[in-house]
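Trainee: I have a structure open on my screen and would like to learn how to read it. Could you take me through it step by step?

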Amino acid sequence: MSTILVTGGTGTIGRQVVPLLQEAGCKVRVLTRHAQDRGDGVEYLAVDLLTGEGLDQAVAGADVIVHLAGGPKGDEVSTGNLVRAAERAGVRHLVHISVTAVDQLPMAYFKSKLGAEQAVLASSVPSSVVRVAQLHEFAWTIVQGMAKLPVLPKLGGARLQPVDARDVGQRLAELALGEPQGLVADLVGPKVYSVSDLARDYLRATGKRRLSVPIHVPGKVGKVYRAGGNLTLTGADLGTHTWEDFVAAHD
């Protein structure tokens with residue numbers, strides 16, 4: 001029986017991955033801020049990835065690590081701590097979730113994510129890294145926030161490939177149960193949508209109405225989005241659950 005350590009195991013993606021690993025017969029540990037027995041057969045350990053406190057004890061004896069934990073900043077620090085602990089413990093496979101276009105967008109969030117990805121790939125621990133598009137939940141949150149404004153901004157040229165958490169969970173479980181593969185194909189949703197399309201679907205599903213006004217996204221970030229540099233249009237693995245499926249569940 002393999003022991004698999006999952007960081008971020010109580011998050012949106014973690015809640016998809018952990019049961020799949022259990023079904024495969026693995027012993028699962030989850031790193032969390034507050035250790036507790038939830039009666040689900042999972043061992044929960046309190047660890048602070050940013051400081052590394054408790055990390056060596058949590059990693060000891062783990063065969064595989066699935067690294068899902070992340071935040072708006074500091075990912076390169078927390079991932080570096082995890083990588084070094086994995087090296088000390090002799091972990092045989094580290095699976096890491098990254099972000100599509102992580103090396104294209106000049107934003108602090110993406111720079112942090114890229115640093116985390118590079119820390120994993122440069123490690124002596126054999127690894128698999130998959131870059132994943134924005135989750136449906138993230139796209140929903142974006143347009144929900146836009147809809148709170150008096151006038152809905154219409155972001156010219158901005159498009160996304162939102163992907164379902166179930167598809168992401170399935171792919172990560174497959175990687176964790178297999179051999180290390182390095183940087184694998186991106187995982188994106190089956191369709192490309194303009195942000196305006198996503199906002200329109202949100203308004204329809206929630207019964208809201210908003211006037212819209214075209215907005216030009218300035219600078220290097222806007223240029224990347226208008227050129228589709230945030231998209232993976234060729235060579236990606238495609239999820240099976242669409243944005244329309246996700247929105248229908250909110251009707």
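Predicted model: local features only at pLDDT ≥ 70, side-chain atom pairs only at ≥ 80, totals over all residues.

Trainee: Let me begin with the whole protein. How many helices and strands does the secondary structure come to?

Mentor: There are nine helices and 13 strands. The radius of gyration is 19 Å, close to the 18 Å that the globule rule gives for 251 residues, so the protein is as compact as a globular protein of that length. Along its principal axes, the C-alpha trace spans about 55 × 40 × 35 Å.

Trainee: What share of the 251 residues is buried?

Mentor: Buried residues make up 47% of them. The contacts also tell you about the fold: among those between residues at least 6 apart in sequence, 79% join residues at least 24 apart.

Trainee: How should I think about a nonpolar core?

Mentor: The general idea is that in soluble globular proteins, nonpolar side chains tend to be buried together. Here the largest nonpolar core has 31 residues, and Ile4, Val6, Ile13, Leu21, Leu68, Val168 and Leu172 touch the most other members. Several elements each supply at least two residues of this core, including strand 1 (3-7), helix 1 (14-23) and strand 5 (93-99).

Trainee: Which element gives the largest share of this core?

Mentor: Helix 6 does, with six residues. For a close view of one member, pick Leu68: leaving out residues up to four places away in sequence, Leu68 touches Val6, Thr7, Gly8, Ile13, Gly14, Val17, Ile97 and Leu172. Apart from this core lies another, of 25 residues, with Ala101, Tyr225, Phe246 and Val247 among them.

Trainee: Now the rings. How do I describe a pair of them?

Mentor: A pair of aromatic rings is described by the distance of the centres and the angle of the planes. This structure holds five such aromatic pairs. Take Tyr109 and Phe110: their ring centres are 5.2 Å apart and their planes are at 90°, so this pair is edge-to-face.

Trainee: Are Tyr109 and Phe110 buried or partly exposed?

Mentor: One of each. Tyr109 is partly exposed, with a relative accessible area of 32%, while Phe110, at 6%, counts as buried.

Mentor: Compare the rings of Trp140 and Trp243, with centres 6.3 Å apart and planes at 50°, so that pair is tilted. The pair links distant parts of the chain, with Trp140 in helix 5 (residues 136-147) and Trp243 in helix 9 (residues 243-248), 103 residues apart. Trp140 is buried at 10% relative accessible area, and Trp243 is buried at 1%. Ring pairs also join Trp140, Tyr202, Trp243 and Phe246 into a cluster.

Trainee: What sits over the ring of Tyr44?

Mentor: The charged end of Arg38 does, 4.7 Å from the centre of that ring.

Trainee: And how do I read an arginine that is buried?

Mentor: Check its place, then its partners. Arg131 is found in strand 6 (residues 127-132) and, at 12% relative accessibility, counts as buried. The side chain of Arg131 makes a polar contact with the side chain of Glu117, at 2.7 Å. Beyond its neighbours within four places in sequence, Arg131 is in contact with several residues, among them Ser98, Asp103, Asp186 and Leu187.

Mentor: Arg171 can be read likewise. Arg171 lies in helix 6 and is buried, with a relative accessible area of 17%. Leaving aside neighbours within four places in sequence, Arg171 is in contact with Val184, Leu187 and Asp237.

Notes: Residues numbered from 1 in each chain as written. Heavy atoms only, no water. Phe/Tyr/Trp six-rings, centres within 6.5 Å; stacked < 30°, edge-to-face > 60°. Buried < 20%, exposed > 50% of the residue type's maximum accessible area, 1.4 Å probe, protein only. Helix = DSSP H or I, 4+ residues; strand = E, 2+ residues; numbered from the N terminus. Lys NZ or Arg CZ within 6 Å of the ring centre and 35° of its normal. Polar contact = N/O pair within 3.5 Å; in protein donor to acceptor, adjacent residues only side chain to side chain. Contact = heavy atoms within 4.5 Å. Core = buried A, V, L, I, M, F, W, Y, C linked by side-chain atoms within 4.5 Å. Rg over C-alpha atoms; globule rule 2.2 N^0.38 Å.
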